[in-house]
Amino acid sequence: MTDTPAVRLTGLAYIPRWIGGVSCYITFGIGGLLSSLTILPLLRFWPGTELERIRRVQKTVHIMFRGFVYMLSWTGVIKVSPDNIARLASAKGRVVIVNHPTLVDVVVLISLMPNAGCIVKQGIWRNPFMRGVVACAGYIPNRGAELLLEDCRHVLKSGTNLIIFPEGTRTVLGTSINNFARGAANIALRTKTDLLPVVLRTDAPGLSKQEAWYQIPRRTIGMRVEVGETIDHIRYDAIAGGDAKMARQLTRDLEDYFKTNLEDDETT
């Protein structure tokens with residue numbers, strides 16, 4: 001990123017940042033628990049079709065996450081700069097492919113997309129602070145391959161965008177991205193869904209896999225959310241060799257796309 005990095009806080013100057021950042025996470029956890037016991041179930045079971053009820057909850061989660069991102073920005077933990085954000089706002093039924101540099105990536109994405117869903121690992125479903133949120137919003141549990149695929153097909157067909165991190169976990173410090181798994185490509189090809197790539201660029205380390213949630217970064221993390229152009233799944237249908245070969249080719253192309261963009265960014 002070309003912007004000048006924020007000042008690194010040390011000594012007593014870091015204490016307000018740490019208190020503010022930890023307070024954001026505590027507020028987020030308590031808010032998730034309370035909303036899953038009150039407003040989200042009410043919205044989920046308010047009269048209407050199943051799709052209307054889920055959309056209401058997703059819009060509410062979107063607003064809640066926007067509030068959380070605002071708090072993180074106000075306390076100086078992150079600063080989000082969206083680019084080509086209209087592509088996210090207008091997307092419907094797309095597989096949104098995103099790299100994964102920080103702990104708050106999915107929160108930032110959902111704060112920018114009112115109709116977003118995601119695949120949630122089993123640990124989140126057992127988390128009392130988040131279980132009610134993900135259940136009411138119609139997010140997809142990461143279970144067996146065929147059940148997962150059928151859930152994804154149902155969600156995408158409804159017009160909800162599906163956020164997927166092909167890295168599987170947060171990017172290892174010192175690298176541009178982790179190796180991509182083929183799950184995202186398999187889902188896109190087997191559900192016949194176009195993809196929307198989103199590159200998250202950060203200009204300072206922090207909120208990584210190697211750090212605990214309470215290790216608040218001393219330097220504000222500037223995060224640019226760069227939305228690319230839609231990748232048509234149909235361009236891979238002509239590749240001979242069946243689903244497995246198409247998925248491998250699409251995965252390589254996606255990985256090259258993110259590596260090229262992120263490595264070019266590092267040299268500017």
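This is a predicted model: local features need pLDDT of at least 70, side-chain atom pairs count only at pLDDT 80 or more; totals for chains, interfaces and linings use all residues.
User: How many helices and strands does the chain contain?
Analyst: Helices (H or I, at least four residues) and strands (E, at least two) are DSSP runs, numbered from the N terminus. By this assignment, the secondary structure of the chain comes to 10 helices and 7 strands.

User: What is the radius of gyration of the chain, and what would a compact globule have?
Analyst: The C-alpha trace spans about 60 × 50 × 30 Å along its principal axes. The radius of gyration is taken over C-alpha atoms, and the globule rule is 2.2 Å times the number of residues to the power 0.38. For 268 residues a compact globule would be near 18 Å, and the value for the chain agrees, at 19 Å.

User: What percentage of contacts in the chain join residues at least 24 apart?
Analyst: Contact means heavy atoms within 4.5 Å. Among contacts between residues at least 6 apart in sequence, the share that joins residues at least 24 apart is 77%.

User: What percentage of the residues of the chain count as buried?
Analyst: Relative accessible area sets the classes: buried is under 20%, exposed is over 50%, and partly exposed lies in between (1.4 Å probe, protein chains only). Of the 268 residues, the buried share is 47%.

User: How many salt bridges does a search of the whole structure find?
Analyst: Side chains of opposite charge can pair when their charged atoms come close. A salt bridge is a side-chain nitrogen of Lys or Arg within 4 Å of a carboxyl oxygen of Asp or Glu. Across the whole structure, the number found is 6.

User: Which residue meets E229 in a salt bridge?
Analyst: The N to O distance in this bridge is 4.0 Å. The pair links distant parts of the chain, 142 residues apart: E229 is in the loop between β7 (221–227) and α10 (242–267), and its partner is in helix α4 (residues 86–90).

User: Which two helices are tied together by the pair R190 and E146?
Analyst: The closest N and O atoms of the salt bridge between R190 and E146 are 3.5 Å apart. R190 is partly exposed, with a relative accessible area of 39%, whereas E146 is exposed at 54%. The pair ties together parts that are 44 residues apart in sequence, because R190 lies in helix α9 (residues 183–190) and E146 in helix α8 (residues 145–157).

User: Which residues are joined with E226 into one salt-bridge network?
Analyst: E226 and R201 meet in a salt bridge at 3.0 Å, N to O. The pair links strand β7, which holds E226, to strand β6 (residues 195–202), which holds R201, across 25 residues. E226 is buried at 16% relative accessibility, and R201 is buried at 5%. Through salt bridges that share partners, E226 is joined with R201 and R224.

User: Where does UniProt list a "transmembrane region"?
Analyst: UniProt positions are given in the numbering used here, feature names are shortened, and annotations may be inferred rather than shown by experiment. The unreviewed UniProt entry places the region at residues 18–43.

User: Is V133 buried or exposed?
Analyst: V133 lies in helix α7 (residues 131–136). Beyond residues up to four places away in sequence, V133 touches G32, S35, S36, L40 and V61. V133 and V57 are 76 residues apart in sequence, yet 8.5 Å apart in space, C-alpha to C-alpha. With a relative accessibility of 2%, V133 counts as buried.

User: Which residues is Q58 in contact with, leaving aside neighbours within four places in sequence?
Analyst: Q58 lies in helix α3 (residues 50–74). Q58 counts as buried, because its relative accessibility is 3%. The contacts of Q58 are P114, N115, A116, A137 and T160.

Note on methods
Residues are numbered from 1 along each chain as its sequence is written. Side-chain values use heavy atoms; hydrogens and water are left out.
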